[in-house]
Amino acid sequence: MTWTDELRRLLRRRKGQPRNDEPGGISCEEAAERLFEWLDNELDPNMEERVGTHLETCARCYPWLVFEQSFREAVSRAAQHHDVPPELRDRIIASLEEDEGMSSS
Amino acid sequence: MSANAPDGSFQDEALPQMDAVYRFALSLARDPDRAQDLTQETFLRAFRNWDKYTPGTRIKSWLFTICRNHFLQREERTRRHDEIVADAAEEDPNRISREATVFLAARGRDPEGEFWSRIVDGEVLRAIDELPDEFRDVVTLSDLEELPYQEIAEILEVPVGTVKSRLYRGRRRLQHELYDYAVEQGIIGRSTQSSSADAKDPST
(Lines give C-alpha, C1' and ligand atoms only; values in the text may rest on other atoms or scores of the structure.)
Protein backbone atom coordinates (compact mmCIF):
# COMPACT_ATOMS: atom_id res chain seq x y z
CA MET A 1 0.00 0.00 0.00
CA THR A 2 1.45 3.38 -1.00
CA TRP A 3 1.39 6.29 1.40
CA THR A 4 -1.29 8.00 -0.70
CA ASP A 5 -3.48 4.93 -0.34
CA GLU A 6 -2.78 5.03 3.35
CA LEU A 7 -3.72 8.71 3.44
CA ARG A 8 -7.02 8.03 1.72
CA ARG A 9 -7.73 5.14 4.05
CA LEU A 10 -6.82 7.20 7.10
CA LEU A 11 -8.94 10.15 6.10
CA ARG A 12 -11.85 8.51 4.34
CA ARG A 13 -15.01 10.40 4.89
CA ARG A 14 -17.28 9.31 7.63
CA LYS A 15 -18.81 12.69 8.32
CA GLY A 16 -22.30 12.59 9.70
CA GLN A 17 -21.87 9.04 10.88
CA PRO A 18 -20.57 9.35 14.41
CA ARG A 19 -20.08 5.97 15.99
CA ASN A 20 -20.44 5.31 19.63
CA ASP A 21 -17.52 2.95 19.52
CA GLU A 22 -15.20 5.75 18.40
CA PRO A 23 -13.37 7.74 21.06
CA GLY A 24 -15.38 10.74 22.17
CA GLY A 25 -18.26 9.61 19.99
CA ILE A 26 -16.84 11.44 16.98
CA SER A 27 -15.09 10.27 13.86
CA CYS A 28 -11.43 10.74 13.07
CA GLU A 29 -12.39 13.22 10.38
CA GLU A 30 -14.38 15.35 12.79
CA ALA A 31 -11.53 15.30 15.25
CA ALA A 32 -9.11 16.26 12.48
CA GLU A 33 -11.26 19.20 11.47
CA ARG A 34 -11.15 20.53 15.02
CA LEU A 35 -7.57 19.68 15.89
CA PHE A 36 -6.28 23.24 15.63
CA GLU A 37 -9.26 24.69 17.45
CA TRP A 38 -8.74 22.17 20.22
CA LEU A 39 -5.05 23.02 20.50
CA ASP A 40 -5.96 26.72 20.53
CA ASN A 41 -8.62 26.27 23.25
CA GLU A 42 -11.28 27.64 20.91
CA LEU A 43 -13.96 24.96 21.33
CA ASP A 44 -16.96 25.06 23.63
CA PRO A 45 -16.57 22.84 26.73
CA ASN A 46 -18.68 19.97 25.39
CA MET A 47 -16.88 19.77 22.06
CA GLU A 48 -13.54 20.35 23.71
CA GLU A 49 -14.06 17.30 25.89
CA ARG A 50 -15.23 15.11 23.01
CA VAL A 51 -12.43 16.13 20.68
CA GLY A 52 -9.88 15.85 23.49
CA THR A 53 -11.09 12.37 24.38
CA HIS A 54 -10.84 11.33 20.76
CA LEU A 55 -7.41 12.81 20.08
CA GLU A 56 -5.87 11.46 23.26
CA THR A 57 -7.27 7.94 23.03
CA CYS A 58 -7.53 7.21 19.31
CA ALA A 59 -4.61 5.09 18.16
CA ARG A 60 -4.61 6.74 14.74
CA CYS A 61 -5.11 10.36 15.80
CA TYR A 62 -2.92 10.50 18.90
CA PRO A 63 0.40 10.42 17.00
CA TRP A 64 -0.81 13.31 14.88
CA LEU A 65 -1.72 15.26 18.02
CA VAL A 66 1.77 14.71 19.45
CA PHE A 67 3.27 15.73 16.13
CA GLU A 68 1.31 19.00 16.04
CA GLN A 69 2.10 19.73 19.67
CA SER A 70 5.82 19.28 18.98
CA PHE A 71 5.55 21.70 16.08
CA ARG A 72 3.74 24.26 18.23
CA GLU A 73 6.35 24.03 20.97
CA ALA A 74 9.16 24.63 18.47
CA VAL A 75 7.48 27.78 17.16
CA SER A 76 6.75 29.07 20.64
CA ARG A 77 10.33 28.47 21.76
CA ALA A 78 11.74 30.29 18.74
CA ALA A 79 9.62 33.32 19.51
CA GLN A 80 11.46 33.93 22.75
CA HIS A 81 14.50 35.06 20.77
CA HIS A 82 12.71 38.18 19.62
CA ASP A 83 12.63 40.11 22.86
CA VAL A 84 12.96 43.84 22.61
CA PRO A 85 16.59 45.06 22.47
CA PRO A 86 17.65 46.79 25.74
CA GLU A 87 18.62 49.99 23.95
CA LEU A 88 15.17 50.23 22.43
CA ARG A 89 13.57 49.77 25.83
CA ASP A 90 15.67 52.66 27.16
CA ARG A 91 14.81 54.81 24.17
CA ILE A 92 11.09 54.22 24.59
CA ILE A 93 11.18 55.10 28.27
CA ALA A 94 13.11 58.27 27.45
CA SER A 95 10.65 59.26 24.73
CA LEU A 96 7.70 58.78 27.08
CA GLU A 97 9.35 60.89 29.75
CA GLU A 98 10.08 63.57 27.20
CA ASP A 99 6.50 63.47 25.94
CA GLU A 100 5.21 63.67 29.48
CA GLY A 101 7.40 66.67 30.19
CA MET A 102 6.23 68.44 27.06
CA SER A 103 2.57 67.82 27.80
CA SER A 104 2.82 69.05 31.38
CA SER A 105 4.83 72.17 30.57
CA MET B 1 10.38 56.78 34.55
CA SER B 2 7.75 58.74 36.33
CA ALA B 3 5.24 58.31 33.51
CA ASN B 4 2.30 59.85 35.29
CA ALA B 5 -0.19 58.43 32.87
CA PRO B 6 -3.83 59.27 33.58
CA ASP B 7 -4.42 56.46 36.04
CA GLY B 8 -0.84 55.57 36.78
CA SER B 9 -1.12 52.01 35.44
CA PHE B 10 0.70 52.52 32.17
CA GLN B 11 3.87 51.15 33.68
CA ASP B 12 2.11 48.15 35.14
CA GLU B 13 -0.01 47.23 32.14
CA ALA B 14 1.53 48.59 28.97
CA LEU B 15 5.27 48.53 29.46
CA PRO B 16 5.46 44.79 30.30
CA GLN B 17 4.10 44.15 26.80
CA MET B 18 7.12 45.69 25.11
CA ASP B 19 8.59 42.34 24.02
CA ALA B 20 5.28 41.24 22.55
CA VAL B 21 4.76 44.53 20.69
CA TYR B 22 8.29 44.37 19.32
CA ARG B 23 7.74 40.82 18.06
CA PHE B 24 4.51 41.87 16.38
CA ALA B 25 6.21 44.93 14.89
CA LEU B 26 8.93 42.67 13.52
CA SER B 27 6.35 40.45 11.90
CA LEU B 28 4.75 43.47 10.27
CA ALA B 29 7.84 45.38 9.23
CA ARG B 30 10.24 42.48 8.60
CA ASP B 31 13.09 44.78 9.42
CA PRO B 32 14.62 45.31 12.88
CA ASP B 33 15.20 49.04 12.45
CA ARG B 34 11.69 49.68 11.22
CA ALA B 35 10.30 47.41 13.92
CA GLN B 36 12.09 49.46 16.56
CA ASP B 37 10.63 52.69 15.21
CA LEU B 38 7.21 51.09 15.04
CA THR B 39 7.46 49.84 18.62
CA GLN B 40 8.54 53.22 19.91
CA GLU B 41 5.74 55.01 18.07
CA THR B 42 3.22 52.46 19.34
CA PHE B 43 4.10 53.15 22.96
CA LEU B 44 4.11 56.88 22.42
CA ARG B 45 0.64 56.74 20.91
CA ALA B 46 -0.58 54.41 23.64
CA PHE B 47 0.79 56.77 26.28
CA ARG B 48 -0.96 59.76 24.74
CA ASN B 49 -4.22 57.85 24.46
CA TRP B 50 -4.09 56.00 27.74
CA ASP B 51 -7.35 57.58 28.85
CA LYS B 52 -9.10 55.67 26.05
CA TYR B 53 -7.98 52.32 27.42
CA THR B 54 -10.01 50.57 30.10
CA PRO B 55 -7.55 49.28 32.71
CA GLY B 56 -7.55 45.56 33.22
CA THR B 57 -8.93 44.72 29.79
CA ARG B 58 -7.11 43.38 26.77
CA ILE B 59 -3.93 45.41 26.84
CA LYS B 60 -2.02 43.27 24.36
CA SER B 61 -4.77 43.49 21.76
CA TRP B 62 -5.08 47.25 22.29
CA LEU B 63 -1.35 47.79 21.75
CA PHE B 64 -1.26 45.47 18.74
CA THR B 65 -4.13 47.38 17.17
CA ILE B 66 -2.28 50.67 17.62
CA CYS B 67 0.85 49.08 16.20
CA ARG B 68 -0.89 47.70 13.15
CA ASN B 69 -2.84 50.89 12.46
CA HIS B 70 0.33 52.92 12.58
CA PHE B 71 2.08 50.45 10.34
CA LEU B 72 -0.70 50.53 7.77
CA GLN B 73 -0.65 54.30 7.78
CA ARG B 74 3.00 54.25 6.91
CA GLU B 75 3.06 51.33 4.57
CA GLU B 76 1.23 50.81 1.36
CA ARG B 77 0.27 47.18 1.57
CA THR B 78 -3.06 47.45 -0.15
CA ARG B 79 -2.10 45.65 -3.31
CA ARG B 80 -0.44 42.77 -1.51
CA HIS B 81 -3.24 42.66 1.01
CA ASP B 82 -5.86 42.29 -1.71
CA GLU B 83 -3.88 39.58 -3.44
CA ILE B 84 -3.53 37.52 -0.31
CA VAL B 85 -7.13 37.99 0.73
CA ALA B 86 -8.23 36.75 -2.67
CA ASP B 87 -5.91 33.81 -2.32
CA ALA B 88 -7.08 32.96 1.19
CA ALA B 89 -10.71 33.26 0.19
CA GLU B 90 -10.38 30.27 -2.07
CA GLU B 91 -11.58 27.42 0.06
CA ASP B 92 -9.47 24.36 -0.29
CA PRO B 93 -11.78 21.54 -1.34
CA ASN B 94 -9.18 19.00 -0.23
CA ARG B 95 -8.73 20.53 3.15
CA ILE B 96 -8.69 17.34 5.12
CA SER B 97 -6.66 15.49 2.55
CA ARG B 98 -4.01 18.15 2.75
CA GLU B 99 -4.20 18.60 6.46
CA ALA B 100 -2.12 15.66 7.48
CA THR B 101 0.39 15.59 4.69
CA VAL B 102 3.47 16.74 6.58
CA PHE B 103 2.62 14.40 9.40
CA LEU B 104 2.21 11.50 7.01
CA ALA B 105 5.36 12.41 5.13
CA ALA B 106 7.38 12.46 8.34
CA ARG B 107 5.86 9.69 10.36
CA GLY B 108 7.89 6.90 8.79
CA ARG B 109 11.02 8.33 10.36
CA ASP B 110 9.85 10.58 13.14
CA PRO B 111 6.21 9.94 14.04
CA GLU B 112 6.21 12.19 17.10
CA GLY B 113 7.80 15.13 15.31
CA GLU B 114 10.91 15.25 17.47
CA PHE B 115 12.73 16.83 14.56
CA TRP B 116 10.80 20.05 15.15
CA SER B 117 12.79 20.58 18.33
CA ARG B 118 16.07 20.05 16.49
CA ILE B 119 15.46 22.82 13.98
CA VAL B 120 17.37 25.85 15.18
CA ASP B 121 15.22 28.70 16.40
CA GLY B 122 16.64 31.08 13.83
CA GLU B 123 15.41 28.87 11.02
CA VAL B 124 11.92 28.75 12.51
CA LEU B 125 11.88 32.55 12.72
CA ARG B 126 13.18 32.84 9.17
CA ALA B 127 10.44 30.57 7.90
CA ILE B 128 7.79 32.57 9.75
CA ASP B 129 9.27 35.77 8.38
CA GLU B 130 8.97 34.47 4.83
CA LEU B 131 5.29 33.64 5.10
CA PRO B 132 2.99 35.93 3.11
CA ASP B 133 1.92 38.91 5.23
CA GLU B 134 -1.56 37.78 6.13
CA PHE B 135 -0.48 34.28 7.10
CA ARG B 136 2.46 35.56 9.09
CA ASP B 137 0.27 37.99 11.02
CA VAL B 138 -2.11 35.30 12.27
CA VAL B 139 0.66 32.79 13.03
CA THR B 140 2.49 35.45 15.02
CA LEU B 141 -0.59 36.52 16.97
CA SER B 142 -1.77 32.98 17.66
CA ASP B 143 1.29 30.78 18.00
CA LEU B 144 3.73 33.35 19.37
CA GLU B 145 1.43 35.64 21.34
CA GLU B 146 -1.31 33.09 22.08
CA LEU B 147 -4.20 35.46 21.47
CA PRO B 148 -7.71 34.02 20.98
CA TYR B 149 -9.22 34.00 17.51
CA GLN B 150 -11.71 36.75 18.36
CA GLU B 151 -8.99 39.18 19.44
CA ILE B 152 -6.91 38.38 16.37
CA ALA B 153 -9.94 39.05 14.21
CA GLU B 154 -10.45 42.44 15.84
CA ILE B 155 -6.81 43.44 15.50
CA LEU B 156 -6.63 42.46 11.84
CA GLU B 157 -10.18 43.61 11.08
CA VAL B 158 -11.23 40.34 9.50
CA PRO B 159 -13.93 37.76 10.37
CA VAL B 160 -13.07 34.97 12.81
CA GLY B 161 -13.54 32.46 10.00
CA THR B 162 -10.82 34.20 8.04
CA VAL B 163 -8.51 33.96 11.04
CA LYS B 164 -9.11 30.21 11.18
CA SER B 165 -8.55 29.80 7.47
CA ARG B 166 -5.35 31.83 7.40
CA LEU B 167 -4.07 30.13 10.52
CA TYR B 168 -4.63 26.73 9.02
CA ARG B 169 -2.96 27.65 5.77
CA GLY B 170 -0.14 29.57 7.41
CA ARG B 171 0.73 26.68 9.70
CA ARG B 172 0.64 24.23 6.84
CA ARG B 173 2.98 26.39 4.78
CA LEU B 174 5.29 26.78 7.72
CA GLN B 175 5.35 23.06 8.34
CA HIS B 176 6.10 22.28 4.71
CA GLU B 177 8.90 24.82 4.68
CA LEU B 178 10.50 23.55 7.88
CA TYR B 179 10.05 19.92 6.96
CA ASP B 180 11.85 20.46 3.65
CA TYR B 181 14.60 22.26 5.53
CA ALA B 182 14.88 19.39 8.01
CA VAL B 183 15.23 16.88 5.19
CA GLU B 184 17.82 18.99 3.36
CA GLN B 185 19.87 19.39 6.52
CA GLY B 186 19.65 15.74 7.47
CA ILE B 187 17.78 16.61 10.66
CA ILE B 188 15.22 14.05 9.64
CA GLY B 189 15.95 11.16 7.33
CA ARG B 190 14.56 11.36 3.84
CA SER B 191 11.49 9.22 3.69
CA THR B 192 11.33 6.53 1.08
CA GLN B 193 7.88 7.74 0.27
CA SER B 194 7.93 11.45 -0.04
CA SER B 195 9.25 14.90 0.33
CA SER B 196 6.98 17.67 1.47
CA ALA B 197 6.70 18.82 -2.11
CA ASP B 198 5.26 15.46 -3.05
CA ALA B 199 3.03 15.53 -0.05
CA LYS B 200 1.41 18.82 -1.01
CA ASP B 201 -0.83 17.09 -3.49
CA PRO B 202 -1.45 13.50 -2.53
CA SER B 203 -3.90 13.05 -5.36
CA THR B 204 -1.15 13.18 -7.96
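Two residues are in contact if their C-beta atoms, placed from the backbone, lie within 7 Å. With that in hand, welcome to a predicted model, in which local features need pLDDT of at least 70, side-chain atom pairs count only at pLDDT 80 or more, and totals for chains, interfaces and linings use all residues. Residues are numbered from 1 along each chain as its sequence is written, while chains are lettered from A and ligands numbered from 1 in the order in which they are written.

**A:Leu35**
- A:Leu35 touches A:Leu55 and A:Glu68, leaving out residues up to four places away in sequence.
- This leucine sits in helix α3 (residues 35-39) of chain A; helices are DSSP runs of H or I with at least four residues, numbered from the N terminus.
- A:Leu35 counts as buried because it has 20 C-beta neighbours inside 10 Å (buried is 20 or more other C-beta atoms within 10 Å of a residue's own, with C-beta atoms placed from the backbone).
- From A:Leu35 to A:Pro45 is 10 residues in sequence and 14 Å in space, C-alpha to C-alpha.

**Where the chains meet**
- On chain A, 38 residues are in contact with 44 residues of chain B.
- α5(A) supplies the largest share of the side of chain A that touches chain B, with 14 residues.

**Nonpolar core**
- The largest nonpolar core has 72 residues, and those touching the most other members include A:Ala31 and B:Cys67 (such a core is a set of buried Ala, Val, Leu, Ile, Met, Phe, Trp, Tyr and Cys residues joined through C-beta atoms within 7 Å).
- Beyond its neighbours within four places in sequence, B:Cys67 is in contact with B:Val21, B:Phe24, B:Ala25, B:Leu38 and B:Thr42.

Technical notes
Helices (H or I, at least four residues) and strands (E, at least two) are DSSP runs, numbered from the N terminus. A residue is buried if 20 or more other C-beta atoms lie within 10 Å of its own, exposed if 12 or fewer, and partly exposed in between; C-beta atoms are placed from the backbone.
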